[in-house]
Amino acid sequence: MRIEDKLNEECAVFGVSLTTDEAVGLTYNGLLSLQHRGQEGAGIAVVDDNNILYHKDVGLVSEVFCGGEFKNLSKGRIAVGHTRYSTTGNNKRENVGPFITEYLTGRIATAHNGNITNALDLRHQLKENGLYFHATSDSEVVSSLIAYCITKEQNTVLGVVKAADFLQGAFSLVIASGDNKLIAVRDPNGFRPLCIGQNGIGYAIASESCALEACGFEFIRDVLPGEIIVVENGSLTHQGVRLGKKDDGHGLCIFEYVYFARPDSVIDGLSIYEARHNMGTVLAEEYPVEADIVCGVPDSGLEAASGYSAQSGIPLVSGFVKNRYIGRSFIYPTQSQRDSAVRLKLNPLTTNIQGKRIVLVDDSIVRGTTSEKIVRSLKNAGAKEVHVRISSPPFRHTCHYGTDIDSEENLIANHMDINEIRHKIGADSLGYISIEGLKRACGKCVLPFCTSCFTGHGESMPRKKDIFE
Ligand code: SF4
């Protein structure tokens, strides 16, 4: 079990096509900026003279690339990188991206963020027709399918378009091909973010705009749902929506705004910071309370807390000191270790909270165990009252599109009403933002949203698509 009963990110992708040989260094920096989306593994693949060289392993970006690995990758104008959180397949090196697939006339490297809902069916069909798999990840299925389709179409871009039409579910892809193309693909629903940037030496594609800025690229725009973009020799050669229709009731994962993305990113027209601040404003309107201070649970509760404070006029105060050296993916095998892990990570700031009525703002409650410990730690430190406000609606359903939400029986809101949850976590009052309120807070986003884990609506079963017809 992990340190917190939080949701986990689904991976990050990054790629560059340049007119200079700086692709690997920039991709490394891009991955460092996207580390928050996955801490279990990292990899970089670089196109070098029609060949593709790569290095990948389990661990943080700085652990995977900590020494001589750069020597073998040091040249190249096109590179793709990946940080992994495992939603399918276990945490082994083989399951870390990018996936390198060889076919009759070339090689591709594929970095994937999302979850392919028909991956098992596609894997079965590809295996029956002689393709071999080394890993258990759905991303390997994507890479093999693309390689198969490129061989059939005898054209890299047409092969990618054809393969993407077979995929169902969530996929933001960055692909490097041995014939010097960098290709970006976003699924027709736009579940996961993907954006494009430019500077004087070429283009970059990234899961979030914060990585473009960190690497010196100017954000141009988001990749549109269903769009395929091709960059060759540092120039854009193809762009436009090529993939089929979106599914009803789906769109961008609204949880990107609540929790996953970095506050300094802008996704589909809306700044993450602004969205979270708005969520706090809406929470203050929907669940006002008399209190002395507002505290956010670090890190993703902080912006919503500032919104609550601004709207309510209650002063914003630091309630905790966070130990930043304890990673999200730390494993604690026993209950007592898990209990002390929360204390190790988040210690109440007694001076600020003693004798105070506190509004405590957090992004979500999954099982409720962490919220219970945080509320107890505030009360043990002398808080008079703790009023919990949550900037996402109650989780009642699992996710099929790349977010690792616990099984439904473990989701506290699936079997308890709000008052029972309040009692369980020891809060004096509890308020979750409404779905309408959350959508209002994210109103500047130009895409429709997926909210299936809150509503249960729009969960679609994969349809069978025959690759070999
Ligand atoms: S079901 Fe929830 S977590 Fe999954 S994509 Fe939709 S909004 Fe995001």
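**Local geometry, pockets and ligand shell**

Modeller: Pro98 is found in the loop between β4 (78–84) and β5. Please bear in mind that the model is predicted.

Colleague: Is the peptide bond from Gly97 to Pro98 cis or trans, and what is omega?

Modeller: Most peptide bonds are trans. The bond from Gly97 to Pro98, however, has omega near 0°. The peptide bond is cis.

Colleague: Is Asn50 buried or exposed, and what is its phi?

Modeller: Asn50 lies in the loop between β2 (41–48) and β3. Its relative accessibility is 53%, over the 50% limit, so Asn50 counts as exposed. Most residues other than glycine have a negative phi. For Asn50 phi is positive, near 65°.

Colleague: How does Asn180 count in terms of accessibility?

Modeller: Asn180 sits in the loop between β7 and β8 (181–186), and its phi is positive, near 65°. Its relative accessibility is 31%, between the 20% and 50% limits, so Asn180 counts as partly exposed.

Colleague: Why does Ser177 count as buried, and with which side chain does its own side chain make a polar contact?

Modeller: Ser177 lies in strand β7 (residues 169–177). It counts as buried because its relative accessibility is 0%. Leaving aside neighbours within four places in sequence, Ser177 is in contact with Val47, Ile52, Arg107, Ile108 and Thr156. At 2.4 Å, its side chain makes a polar contact with the side chain of Asp179.

Colleague: Which elements give two or more residues to the lining of the second largest pocket?

Modeller: This pocket holds about 430 Å³ of space. Of its 18 lining residues, the closest to the centre are Ile100, Thr101, Tyr132, His134 and Glu140. The elements giving two or more residues are β3 (51–58), β5 (99–103) and α5 (138–153).

Colleague: How do the residues of the shell around the ligand divide?

Modeller: The residues surrounding the ligand are Arg192, Cys253, Ile254, Cys399, Tyr401, Thr403, Cys450, Ser452 and Cys453. Cys and Tyr count as nonpolar, and Arg as charged. The shell divides into six nonpolar, two polar and one charged.

Colleague: At the start of helix α15, which backbone nitrogen does a side-chain oxygen of Asp417 reach?

Modeller: Helix α15 spans residues 418–425, and just after it Gly426 takes a positive phi of about 80°. At the start of the helix, the oxygen of Asp417 reaches to within 3.2 Å of the backbone nitrogen of Asn419.

Key:
Residues numbered from 1 in each chain as written. Predicted model: local features only at pLDDT ≥ 70, side-chain atom pairs only at ≥ 80, totals over all residues. Heavy atoms only, no water. Helix = DSSP H or I, 4+ residues; strand = E, 2+ residues; numbered from the N terminus. Buried < 20%, exposed > 50% of the residue type's maximum accessible area, 1.4 Å probe, protein only. Polar contact = N/O pair within 3.5 Å; in protein donor to acceptor, adjacent residues only side chain to side chain. Contact = heavy atoms within 4.5 Å. 1 Å grid on protein atoms, 1.4 Å probe; cavity = no way out; pocket = protein on both sides within 12 Å on 5 of 7 lines; lining within 4 Å. Points joined across faces, edges and corners; volume = space filled by probe spheres on them. Near = heavy atom within 4 Å.
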